[in-house]
Amino acid sequence: MNENVWKPKMKFLHGITWLLLFQLAGEVLAILFNWPVPGPVIGMMLLFVALLWRGQSSDALDEVSDGLLSHLSLLFVPAGVGIMVYFHRIASEWLPIGLTLLFSTVITMVTTAWVMQWMQRRWTNKGGADGRK
């Protein structure tokens, strides 16, 4: 059989294997240390650190990530189903849910703006990327 037929499939398997290994590592750490952070989040942080250390991403990881991101909207289907199933409960508790959404959005926006201003001041004080003051 032609070797070029298997090349894209092997690239995908290589990339998805790395993603799943980092997720597994995150799950193991979350269970071993009894951390309140989900394993996949820890695995994503580990992957981020590994990519920073490496300085770049592999073609296989890029391909798998692009494929997963192109189907990201499918992950919202279970949330939509949950809203429909528990609509009566959401309707009966609309005020606390609405206030929580409102305040958490405002807090997120204020925090993001504060961090952005802080980073801009820090970046300006350092003289930018080329080191000039």
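**Exercise 1. Decide whether L32 is buried or exposed.**

Step 1. Recall the classes. Buried means under 20% relative accessible area, exposed means over 50%, and partly exposed lies in between (1.4 Å probe, protein chains only).
Step 2. Read the value. L32 has 62% relative accessibility, so L32 counts as exposed.
Step 3. L32 sits in helix α1. Helices (H or I, at least four residues) and strands (E, at least two) are DSSP runs, numbered from the N terminus.

A note on the source: this is a predicted model, in which local features need pLDDT of at least 70, side-chain atom pairs count only at pLDDT 80 or more, and totals for chains, interfaces and linings use all residues. Residues are numbered from 1 along each chain as its sequence is written, and side-chain values use heavy atoms, with hydrogens and water left out.

**Exercise 2. Find which residues make the nonpolar surface patch, and which helix gives the most.**

Step 1. Apply the rule. Patches are made of residues with over 30% relative accessible area and no salt bridge; like charges are joined within 9 Å, and nonpolar side chains (Val, Leu, Ile, Met, Phe, Trp, Tyr) within 5 Å.
Step 2. List the members. They are W18, L21, L24, V28, L32, F33, W35, V37, V41, M44 and M45. Together they make a patch of about 1100 Å². Accessible areas come from the Shrake-Rupley method with a 1.4 Å probe; for residues, only the protein chains shown count as cover.
Step 3. Assign the helices. α1 (3-32) and α2 (39-54) each supply at least two residues. With five residues, α1 gives the most.
Step 4. Look at one member. M44 lies in helix α2. M44 counts as exposed because its relative accessibility is 55%.

**Exercise 3. Describe the residue N34 and its phi.**

Step 1. Locate N34. Its place is the loop between α1 and α2.
Step 2. Read the angle. N34 is not a glycine, yet its phi is positive, about 55 degrees.
Step 3. Most residues other than glycine have a negative phi.
Step 4. Check the exposure. N34 has a relative accessible area of 68%, so N34 is exposed.

**Exercise 4. State how many aromatic pairs the structure has, and describe two of them.**

Step 1. Count. A search of the whole structure finds three. Rings of Phe, Tyr and Trp (its six-membered ring) pair if their centres lie within 6.5 Å; planes under 30 degrees apart count as stacked, over 60 as edge-to-face and the rest as tilted.
Step 2. Take F33 and W35. Their centres are 5.1 Å apart, with 20 degrees between the planes, and the pair is stacked. W35 is partly exposed because its relative accessibility is 41%.
Step 3. Take W114 and W118. This pair is also stacked, at 6.5 Å centre to centre and 10 degrees between the planes.
Step 4. Explain the spacing. W114 and W118 are four residues apart in helix α6 (residues 94-126), so about one helical turn separates them.
Step 5. Compare the classes. W114 is exposed, at 51%, whereas W118 is partly exposed, at 37%.

**Exercise 5. Find which residues form the salt bridges.**

Step 1. Use the cut-off. A salt bridge is a side-chain nitrogen of Lys or Arg within 4 Å of a carboxyl oxygen of Asp or Glu. The count is two.
Step 2. Take K11 and E63. Their closest N and O atoms are 3.9 Å apart. The bridge links distant parts of the chain: K11 is in helix α1 and E63 in helix α3 (residues 59-70), 52 residues apart.
Step 3. Check both ends. K11 is partly exposed at 33%, and E63 is partly exposed at 32%.
Step 4. Take E93 and R89. Their side chains meet at 3.2 Å, N to O. E93 is partly exposed, with a relative accessible area of 33%.
Step 5. The C-alpha atoms of D59 and K11 are 7.9 Å apart, though 48 residues separate them along the chain.

**Exercise 6. Summarise the whole chain: how many helices and strands does it have?**

Step 1. Count the elements. There are six helices and zero strands.
Step 2. Buried residues make up 10% of the 133 residues.
Step 3. The accessible surface comes to about 11400 Å², and 72% of it belongs to carbon and sulfur atoms.
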